[in-house]
Every structure is written in C-alpha cells, then in structure tokens.
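We will walk through a few charged pairs, one selection at a time.

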Amino acid sequence: MQKLYTLSAYETTARTFFDRLTAENTSLVLDVRLNTASQLCGFTKDKDLAFFIPKLCGAAYVHDTMFAPAKEILDAYIHNRSSWQDYSDAYGYLMEQRNAWQSYQKKYAGFSCVCLLGTATRKRRSHSEILYELLRRNF
C-alpha cells in the first residue's frame, strides 16, 4: 500500500523540509501548488526543488497542476470571501471534473511514498490536505 502524507512549502526551513522528506523515505514529491515560482516560495521554487530533491533525498519531483486549485476558488479562500468548507467543496468538485483520481492512479500509483506538497501556514489550511483525504477515500 502506498504511503501518502502532506507537507507545506511555507513557514519551514530548508533543513526541516529536506530532513522530513528523507525521514519519510519519500519516493515522489508531488507539488500540487498553483504558484511555484514567486519570490514568496523561497527555496521551494519549482526549479530549485526539481534540482534539490533528487540530489538530497533521492526522490522524484513533479509539479502537476491537475491537482492545483483553480485561481478563482483559491483567491476567494485566501481573501476570506469563502469559508474552508466552501473551499473544500469547490476543490473536491474541481477534482471530480478533472478526473483527478484516475490521473493520480495512472501516473503515481507506482510510487511507494508520496509527499503532497502544499501551502499551509499557521493562519491558512491547504488544499493538499483535502486532496490527501480524497485520495485516501478513493484508493
């Protein structure tokens, strides 16, 4: 059975981040963030992670926007125009529309330990935890 867990790209140090990936014996870091190249990403920009993760952890790195939220629903949540429950429902519906479960199974079922990389902070939850629950229920 595949091990699956979430990790935030925000409010962490590089040491803590890479140590966690190593400790979990991660085989794939699946980056499900919508934005991966802004200055706010710090050391977790997609191009940096694509280099560092294989080198430091021996895992693969994939940024797959199929699992990222739509900009509209993300913005509504970030700017407090929707509740966590509304965001969760909208994201779940979006994953259904995108046939995300079939795509995940086809592309990533062969990895033994998958880290869903999201954007949780002390003040805001991430869609990666919704995706985690949806994947656990469907596989």
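The tour below visits salt bridges in this predicted model.

Side chains of opposite charge can pair when their charged atoms come close. Across the whole structure, a search turns up eight salt bridges; here are some to look at.

**Stop one: Glu 24 and Lys 3.** Select these two and look between their side chains: the closest N and O atoms of this salt bridge are 2.3 Å apart. Glu 24 sits in the loop between helix H1 (14–23) and strand E2 (28–31), while Lys 3 belongs to strand E1 (residues 3–8), so the pair links parts 21 residues apart in sequence. Glu 24 is buried, at 18% relative accessible area, and Lys 3 is partly exposed, at 38%.

**Stop two: Asp 19 and Arg 15.** Now move into helix H1, where both residues lie four apart, about one turn of the helix. Are they buried or exposed? Asp 19 is partly exposed, with a relative accessible area of 44%, and Arg 15 is exposed, with 67%.

**Stop three: Asp 64 and Lys 107.** Select this pair next; the closest N and O atoms of their salt bridge are 3.1 Å apart. Asp 64 is buried, at 8% relative accessible area, whereas Lys 107 is partly exposed, at 42%.

**Last stop: a network.** Finally, select Lys 3, Arg 20 and Glu 24 together: salt bridges with shared partners join them into one network.

Methods
Residues numbered from 1 in each chain as written. Predicted model: local features only at pLDDT ≥ 70, side-chain atom pairs only at ≥ 80, totals over all residues. Heavy atoms only, no water. Salt bridge = Lys/Arg side-chain N within 4 Å of Asp/Glu carboxyl O. Helix = DSSP H or I, 4+ residues; strand = E, 2+ residues; numbered from the N terminus. Buried < 20%, exposed > 50% of the residue type's maximum accessible area, 1.4 Å probe, protein only.
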